Amino acid sequence: MDAAALNTLSRDDIAARLAGSPAERAAFVRQAAESGVAEAQAVYGQMLLDGHGVEADQAAALGWFSKAAAQHHLMALNMVGRCYDLGWGTRIDKSRAAQCYRIAAERGLDWAMYNHATLLALGEGVDEDKAAALAWLEKAAALGNAKAINFVGSFAEDGWVRPRDMSRAADCYARAAAGGDFRGCFNHARMLGAAGRADEALHWLRRARELGHARFVGQMRLWLATCDIPALRSRGPAVLDGE
């Protein structure tokens, strides 16, 4: 399907194509991507990365992200950065990842702000600069990015850049948890447990388990085994087991 044919499709036609099986959706999105639609190129790259409706192919995903990024698609540019950051379909190149993140961040993409801030905080691909990292995190947080809000909380709890501020940390963790960030859920649970609000803390531990990946659940188990909050240490493992 060329661009002219694609432009003749109505909203209902497109909705019908996208309502098919995963393979049918992927085939339609690929047609649109091949016709030069940047959004379709970005979406098809994600499908290839995740293996949704098509066999996973990280190198091909990077190729489509790059095509969309060349058309100034900011999320695609961020995903090019992710590929170089994590070695998806290419060798790891933290410096190149940082460049992609910075450009997309400067153009207003909250996820790129968060990713660029992470590299700045760790000194990966760029010189470590926690003050600059916090500035980018606060910009992303102002746009509602839950992961950035959680990271701002970590800065406040650890006393990075500014004096330690546990009240601000607690507020950030609560907002990040409400926004669906699994690390925010866990950090919010920690704060609630320390305040003697065990039942509420266990609720957020449950949400962290539901939203988080297996490795993070394992990290929560290790924390529970040694934490100094008896109610969480005794009841938390059952929550992580889904009971």
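A residue is called buried when its relative accessible area is under 20%, exposed when that area is over 50%, and partly exposed in between, with a 1.4 Å probe and only protein chains taken into account. At 2% relative accessibility, Cys172 counts as buried, and this residue is found in helix α11, where helices (H or I, at least four residues) and strands (E, at least two) are DSSP runs numbered from the N terminus. The model is a predicted one, in which local features need pLDDT of at least 70 and side-chain atom pairs count only at pLDDT 80 or more, while totals for chains, interfaces and linings use all residues. Residues are numbered from 1 along each chain as its sequence is written, and side-chain values use heavy atoms, with hydrogens and water left out.

Consider the chain as a whole before turning to its details. Its secondary structure comes to 15 helices and 0 strands, and its C-alpha trace spans about 65 × 45 × 30 Å along the principal axes. Of the 243 residues in the chain, 43% are buried. If contact is taken to mean heavy atoms within 4.5 Å, then among the contacts between residues at least 6 apart in sequence, 43% join residues that are at least 24 apart.

Cys172 gives a local example of such contacts. Leaving aside its neighbours within four places in sequence, Cys172 is in contact with Ile149, Val152 and Gly153. The C-alpha atoms of Cys172 and Phe151 are separated by 8.3 Å, although these two residues are 21 apart along the chain.

The aromatic rings come next. A pair of aromatic rings is described by the distance of the centres and the angle of the planes. Rings of Phe, Tyr and Trp (its six-membered ring) pair if their centres lie within 6.5 Å, and planes under 30 degrees apart count as stacked, over 60 as edge-to-face and the rest as tilted. By this rule the count comes to 8 aromatic pairs. One of them is the edge-to-face pair of Trp111 and Tyr114, with 6.2 Å from centre to centre and 85 degrees between the planes. These two residues are 3 apart in helix α8 (residues 110-122), and so they are separated by about one helical turn; Trp111 is partly exposed at 33%, whereas Tyr114 is buried at 16%. Phe151 and Phe155 also form an edge-to-face pair, at 5.4 Å between centres and 65 degrees between planes. They are 4 residues apart in helix α10, and therefore about one helical turn separates them. Ring pairs link Trp111, Tyr114, Phe151, Phe155 and Trp160 into a cluster.

A salt bridge is a side-chain nitrogen of Lys or Arg within 4 Å of a carboxyl oxygen of Asp or Glu, and a search of the whole structure finds 15 of them. Arg30 and Glu34 meet in one, at 2.7 Å from N to O, and both lie in helix α3 (residues 22-34), 4 residues apart. Lys147 forms another with Asp181, the closest N and O atoms being 2.9 Å apart. Lys147 lies in helix α10 (residues 146-158) and Asp181 in the loop between α11 (166-178) and α12 (182-194), so this pair ties together parts that are 34 residues apart in sequence. Asp181 is buried, with a relative accessible area of 4%. Finally, Asp85, Lys94 and Glu124 are linked in a network of salt bridges.
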